[in-house]
2 protein chains.
Amino acid sequence: MSELRRDPTTREWVIIASERAARPHSFRAPPRPRTTSREGCPFCPGRESETPPEVLVRPQNGPWRVRVVPNLYAALTPGGSTERRIVDGHFMTMDGVGAHEVVIETPDHEQPIGLMTKDEVFDILVVYQQRYLALKEDPSIRFVVIFKNHGPRAGTSLEHPHSQIVATPIAPPQVRRRFEIATEHYDARGRCVYCELVEWEQQAGRRVVMESDGFLVIHPYASRSPFETWIVPKAHLPCFASTKQEEFLQLATILGTTLRKIYHALGDPDFNYIVHTAPVEDEDNPYFHWHVQIVPRLTTVAGFEMGSGIYINTALPEETARFIRELPDD
Amino acid sequence: MSELRRDPTTREWVIIASERAARPHSFRAPPRPRTTSREGCPFCPGRESETPPEVLVRPQNGPWRVRVVPNLYAALTPGGSTERRIVDGHFMTMDGVGAHEVVIETPDHEQPIGLMTKDEVFDILVVYQQRYLALKEDPSIRFVVIFKNHGPRAGTSLEHPHSQIVATPIAPPQVRRRFEIATEHYDARGRCVYCELVEWEQQAGRRVVMESDGFLVIHPYASRSPFETWIVPKAHLPCFASTKQEEFLQLATILGTTLRKIYHALGDPDFNYIVHTAPVEDEDNPYFHWHVQIVPRLTTVAGFEMGSGIYINTALPEETARFIRELPDD
């Protein structure tokens, strides 16, 4: 018989289909067909003129290591009004105000983040922070989401390593709900739910993949899909961009090692990662706690998930966590 | 500049990226590779012994037209306890109690629902209703979701036309939220939000695809993806299974025609449909209103959607609705 598990941070249930649970090694992806080549790649050095002008480059002199440019196909753009308007008598609309940027993570077309050095990953994290801090200065911005799409099943056809930053003029309802649950937990228990989660997972131990002074890496209890991975800072901090440099150095190691292990274990799978952080106006409260979620795209969301919000996971987080934990770090 | 639109039934925002909006005809899918053949198909006539014994067959005598069998890889199964238990000190779990059934919609391996006769579609709808009514008799069942996955991008590798029914021992949080929004709307306006939506869309007209005495078919104002289609009954009714036979006859025509138009317009695209209905214990209140959502799987959910819950739709619902509306019915 399968098992229903409840995520304490979202209160969503998942089905762990343990009877048909696949062994961790069986999720290895088939080799990925090459979708683009260096030839036409607009993110490779020498083709800087094919992107919009950069908003940030690191370092400022000499050959670039990380570049940030507005997305040529931006979902949201600066300017416009945040006023809500009514159309067709009853429906609410507003301008697509915000920003949509691409972080070109490396000049090397074939260097996935999992195979970068610690310093290279650190550069990317610092760029995320700098752009977050710059974007939130726009008074129309309510929320900033930093994410990476790697591979076609994760929503990108561009091979060159890149991530994206979208600044939205609303705090999305999904983010509000996480926040409300964190607030209710705080009211009931007097502590942040993520701070408690770190302790609970440390005590249980069996879903821990890796740990450093400042971070815990887990396959969460109610993982929605196989090898879902959370990187949670141990210190309570609502906003990703408030992280100090020494923590980013640690995170660079932790993120790089985690992605490298996933790369080797699953054969460079398509994946997304998302930096979950507080809405801009809630950066300084004791409820929310930023963290990174990594989701290898090994399964397909289908009608059941769409109709119920309940995910079916065919892997046991305890088994996949052990599998990754026991792999060598390099 | 793009546009943000808010769905009045979920309060979720979507981005309509109208600047890069694709024209409706450009979403036509590439031809689908054949994934299975009649040869090994466990749902074809003559191989009834390869499925678990049927729980319903129609008609009861003679060659079957529709068969319902337990899913061989059931996510939830009858029996077990609905008691919540705590594991690892703090995490909530319960048995995977429920049911997971497959509706084999036709003996014909290559007969998609969009090309069936009205009577064939009617048979399927009546079977959905009969199984819903049977499953809810189990006191452990709180919610029943009826859905169809068509094609690999929609989560199935089995070609033979089939849909699925999952009965869950919880009312999922996502369903509760829709319900709460409908209840709040009812409290504020004294009417069901879906009843009002039908009138709003009839008045606006430009997102209407089709209409009959009892049903309205729309591409909703805040469509999350291109060609998302809702079939909404005009009469207020919380529970799908309370629908009367004459309405099912109408729905058979409406559903068949809608899927046939999508089949021809988009080249037999992968799609899901979901019957949204009230939780079992809320079947008789004035707030919720059952409806069908059809979602062609033309785009990929990526990091932005996962991190914000905001979908980016590159098609204008007004344009896709007109495109489908102007196609011939057959």
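**Close-up views of a predicted two-chain model**

**View 1. Helices α1 and α4 of chain A.** In this predicted model, the axes of helix α1 (residues 118-135) of chain A and helix α4 (residues 245-266) of chain A come within 8 Å and cross at roughly 115°; axes here are lines fitted to C-alpha atoms, for helices over the stretch in contact, and angles run from 0 to 180 degrees between N-to-C directions. Helices are DSSP runs of H or I with at least four residues, strands are runs of E with at least two, and both are numbered from the N terminus. The crossing of α1(A) and α4(A) is right-handed, a term used if the near helix is turned clockwise from the far one by less than a right angle. On the α1(A) side, K118(A), V121(A), F122(A), L125(A) and V126(A) meet F248(A), L249(A), L251(A), A252(A), T253(A), L255(A) and G256(A) of α4(A), contact being counted if C-beta atoms, placed from the backbone, lie within 7 Å. The residues of this contact divide into 9 nonpolar, 2 polar and 1 charged, where Ala, Val, Leu, Ile, Met, Phe, Trp, Tyr, Cys and Pro count as nonpolar, Asp, Glu, Lys and Arg as charged, and the others, Gly among them, as polar.

**View 2. Helix α4 of chain B and its end.** Helix α4 (residues 245-266) of chain B has 22 residues and spans 31 Å from first to last C-alpha, close to the expected 32 Å, which is 1.5 Å times one less than the number of residues. Just after α4(B), G267(B) takes a positive phi of about 75°. In chain B, α4(B) packs with helix α1 (residues 118-135) at an angle of about 115°, with the axes 8 Å apart, and this crossing is right-handed.

**View 3. The loop residue P152 of chain B.** P152(B) lies in the loop between β8 (143-150) and β9 (162-168) of chain B. Because P152(B) has 16 C-beta neighbours inside 10 Å, P152(B) counts as partly exposed, the class between buried (20 or more other C-beta atoms within 10 Å) and exposed (12 or fewer). The C-alpha atoms of P152(B) and V69(B), 83 residues apart along the chain, are separated by 21 Å.

**View 4. The two chains together.** Chain B can be laid on chain A with an RMSD of 0.0 Å by a turn of 180° and a shift of 0.0 Å along the axis, after least-squares superposition on C-alpha atoms of residues with pLDDT of at least 70 in both. That is the relation of a two-fold axis. Of the interface residues of chain B, 100% are also interface residues in chain A, so the copies meet through the same surface.

**Notes.** Residues are numbered from 1 along each chain as its sequence is written, and chains are lettered from A in the order in which they are written. Local features need pLDDT of at least 70 and side-chain atom pairs count only at pLDDT 80 or more, whereas totals for chains, interfaces and linings use all residues.

Key
Two residues are in contact if their C-beta atoms, placed from the backbone, lie within 7 Å.
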